[in-house]
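Hi everyone, and thanks for coming. Today I'd like to walk you through one structure, so please have a look at it while I talk.

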Amino acid sequence: MDRDRFARVAVVIATFVLAPVLLEMLAWYIEGEDYNVSRAVTVLAVVAALALIAAVAGRVRGRLPVMLVTAMTVAAAGGLVLGFAAGFGPVLWNRGVPGELLGLSMIGIAAFTALTGGYLLFLYRRGLYVPHLETTAGPSPTTTKRKVIGESEILIRTLPEISHALEKALGSCVSVIDQEDLHFVAFFGPSGCAFYTDVLDDADLQHFFHETSPEERRVTYLRLGSQLHWIGGRLDTHLRSMESGTVIRTVLDVERGALFHYWVDHGRYIIGVTLDQRRVGVADDKMARLVDMIRGHFTLPPINQRIRPEPGANVRPIKKEDAWPESGS
């Protein structure tokens, strides 16, 4: 469920449950009838809590599993305190020990729950727990325009207002988009996707679309890009111990084309897509050059300077009579 659906659930709870209770309490007050104040306050608190949970759940989204583990841990810590009071309160206050056994049982259960929650949080911090992520929060590009370059009709969508550096980055992305190889490029900043550009509506690419539309592909690409960036951040926690630095390039080389994720700077990255499996290498090289161009717009040095060997240049022929080296030698 998305945040709009969660918000509707909160409105339904508040409208059909909370409003009648408040109106009935008002009627009691006007008519001067007796009513149980504590019970009414309890009902109001429970209903308001349900509405609040429904409203907040739509906003935490991908963070919901972490919030649940945190809540479980806090509740377990409170259970430890309550268990101690229930178990030893009668002894300390000279009221007998009818709840001692129950209190000790609560302490044991709460201790187990607290240890479990702490262990899950530890695994999450180490990147071993991957919750389901949806589209990144923040505004989506809505300002649309089209540009014809050569034989390609390029779609450009941006946020209503972007900085001068982003304008230059957009120009660089438009310059590498082509119907032959690199078909989609999106730039993400700290607040989400700032712009994307593509040629998915080009007539020469329609044979790549059978059960999905170009618009559906765009939404999916943005979601996959945000998920790859999140997973890359989790992997960084492991690579940090090996002094390997940040994951700067991730390629999903699928059966039909490929999706590229390139790290630009802290909080900034780009994703690219080619629909043609034969052009994956060309599109990958374009993305590497594009990242260095964009980093230049933000006054950053290049990071993707790499040398492509000539075909067959790094392959050493082995004769049949040559013995294979022993393992580990």
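Let me begin with how the elements are named: helices (H or I, at least four residues) and strands (E, at least two) are DSSP runs, numbered from the N terminus. What we have here is a predicted model, in which local features need pLDDT of at least 70 and side-chain atom pairs count only at pLDDT 80 or more, while totals for chains, interfaces and linings use all residues. Residues are numbered from 1 along each chain as its sequence is written, and side-chain values use heavy atoms, with hydrogens and water left out.

First, the overall picture. The protein chain has seven helices and seven strands, and along the sequence they follow the pattern α-α-α-α-β-β-α-β-β-α-β-β-β-α. Of the 329 residues in the protein chain, 36% are buried; buried means under 20% relative accessible area, exposed over 50%, and partly exposed in between, with a 1.4 Å probe and protein chains only. A contact means heavy atoms within 4.5 Å. Among contacts between residues at least 6 apart in sequence, 57% join residues at least 24 apart.

How confident is the predictor? The pLDDT is its confidence in each residue, from 0 to 100. The mean pLDDT of the protein chain is 77, with 68% of its residues at 70 or more. Where pLDDT is low, the predicted coordinates should not be read in detail.

Now to a pair of helices. Two packed helices are described by the angle between their axes and the distance between the axes. The axes here are lines fitted to C-alpha atoms, for helices over the stretch in contact, and angles run from 0 to 180 degrees between N-to-C directions. For α5 and helix α7 (residues 280-297), the axes come within 9 Å and cross at roughly 160°. That makes α5 roughly antiparallel to α7; angles under 35 degrees count as roughly parallel, over 145 as roughly antiparallel, 65 to 115 as roughly perpendicular and the rest as oblique.

Which residues of α5 and α7 meet? From α5 there are A165, K168, A169, S172, C173, S175 and V176, and from α7 there are K286, L290, M293, I294 and H297. By class, this contact has seven nonpolar, three polar and two charged residues. Here Ala, Val, Leu, Ile, Met, Phe, Trp, Tyr, Cys and Pro count as nonpolar, Asp, Glu, Lys and Arg as charged, and the others, Gly among them, as polar.

Let's zoom in on S172, in helix α5 (residues 164-176). Is S172 buried or exposed? S172 is buried, with a relative accessible area of 6%. Leaving aside neighbours within four places in sequence, S172 is in contact with L290, M293 and H297.

Next comes R234, in helix α6 (residues 214-239). At 16% relative accessibility, R234 counts as buried.

To finish, two backbone details. Most residues other than glycine have a negative phi. E243, though not a glycine, has a positive phi of about 55°. E243 is found in the loop between α6 and β5 (249-253) and is exposed, at 77% relative accessible area. T299, in the segment after α7, has a positive phi near 55°, and T299 is exposed at 71%.

Definitions and conventions. pLDDT is the predictor's confidence in each residue, from 0 to 100.
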